[in-house]
Every structure is written in C-alpha cells, then in structure tokens.
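Subject: Structure handover

Hello,

Here is the structure for you to take over. My notes on it follow below.

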Amino acid sequence: MQETLAGIGGLFISAFISSTIAPGGSEAVLAYMVAEGSYKIEQLVMIATIGNTLGAMTTWGLGLLAAKKIPVATLLSEKKQKALDVVRRRGVWALFFSWLPLVGDALCFAGGWLKLPLIPACLIILLGKFARYAAIAWAFI
C-alpha cells in the first residue's frame with residue numbers, strides 16, 4: 001500500500017509541476033506506470049489529469065495576480081504576449097490547448113491575465129488535459 005501511494009503521489013506531483021512554470025515530464029512518468037501494469041489505467045489518467053489541471057489553474061491564478069500588478073500587456077515577454085493575443089481572439093476555448101508543450105503554460109497565464117471565468121476555464125483545461133493523458137495511456141497499454 002505504501003508503494004502504491006508513493007507511485008500515485010509521485011505521478012500527481014510530476015503532473016502538477018509539469019503544468020506550472022517549472023518544466024517536468026509527467027507524460028514519461030504516466031507512460032512508465034501504464035507500461036508497468038501495477039496500477040489501474042483509469043486511476044493513473046485521473047491522477048495525472050487532476051494534478052496537471054491544478055498546476056494549470058495555479059498558472060492561471062498567477063496570471064490573474066500579474067494583471068493586478070502589471071496592467072500593461074506590453075510588459076509581457078514575447079511568448080506571453082502571443083498567448084495573450086490567441087486567448088483574446090479565441091476566448092476560453094483556447095485553454096483546451098493548455099496541454100501543449102511550451103505554449104500551454106502561457107495560455108493559462110493569459111487566461112488569468114484576461115480574467116476569463118474560473119469555472120469554464122477550469123473545465124476546458126481539464127478536458128484538454130484528460131484527452132492528452134488518455135491518449136498517452138492508450139498508446140502505452
């Protein structure tokens with residue numbers, strides 16, 4: 001039981017960190033755990049999705065805080081400025097692509113900066129993260 005909690009906890013932490021401003025490799029952790037076959041795939045996908053979504057919402061919250069401190073969008077880095085433009089044009093649905101490497105974190109930050117509604121943002125991010133982790137798990141069965 002202790003080993004099970006450590007493995008699941010490690011996946012959660014990896015997924016959370018991978019979706020904040022720090023780089024991570026939660027996809028590799030999930031793929032390894034699926035291939036190992038010691039855990040239910042549904043459980044692994046759920047844990048990874050929840051951890052990664054909570055990390056993305058943390059980044060969304062940082063964007064919200066940044067908007068209060070720095071209301072001028074021109075002070076953002078080029079990557080965050082591009083993400084801000086995409087989210088302005090596409091709205092909350094742009095957050096579905098928060099799972100993408102490199103730009104996903106910037107999209108979440110931009111969503112917070114633009115004060116997109118919390119619940120729809122969270123649900124769309126969750127949907128995108130779930131789709132990605134389910135595809136990874138399916139590929140490694």
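Helices α2, α3, α4 (78–90), α5 (104–113) and α6 (118–139) each give at least two residues to the lining of the largest pocket. Helices here are DSSP runs (H or I, at least four residues), numbered from the N terminus. The largest share of that lining comes from α5, with four residues. The pocket holds about 390 Å³ of space. Of its 23 lining residues, those closest to the centre are S18, L100, P101, L102 and D105. A pocket is an open set of points on a 1 Å grid over the protein atoms alone, where a 1.4 Å probe fits, with protein on both sides within 12 Å along at least five of seven lines; lining residues have an atom within 4 Å of a point. The volume is the space filled by probe spheres set on the points, which are joined across faces, edges and corners. By class, the lining has nine nonpolar, eight polar and six charged residues (Ala, Val, Leu, Ile, Met, Phe, Trp, Tyr, Cys and Pro count as nonpolar, Asp, Glu, Lys and Arg as charged, and the others, Gly among them, as polar).

This is a predicted model, in which local features need pLDDT of at least 70 and side-chain atom pairs count only at pLDDT 80 or more, while totals for chains, interfaces and linings use all residues. Residues are numbered from 1 along each chain as its sequence is written, and side-chain values use heavy atoms, with hydrogens and water left out.

Next, the helix packing. α3 and α5 pack at an angle of about 45°, with axes 6 Å apart (axes are lines fitted to C-alpha atoms, for helices over the stretch in contact, and angles run from 0 to 180 degrees between N-to-C directions). In their contact (heavy atoms within 4.5 Å), the α3 residues include W60 and L64, and the α5 residues include F109 and W113. This contact divides into nine nonpolar, four polar and one charged residue.

α4 and α5 pack at about 65°, with axes 8 Å apart. Among the residues that meet are K79, K80 and L84 in α4, and L107, F109 and W113 in α5. By class, this contact has nine nonpolar, one polar and two charged residues.

The axes of α2 (residues 26–36) and α3 (residues 41–69) come within 10 Å and cross at roughly 170°. That makes α2 roughly antiparallel to α3. Their contact has six nonpolar, two polar and no charged residues.

Regards

Definitions and conventions
Parallel < 35°, antiparallel > 145°, perpendicular 65-115°, else oblique.
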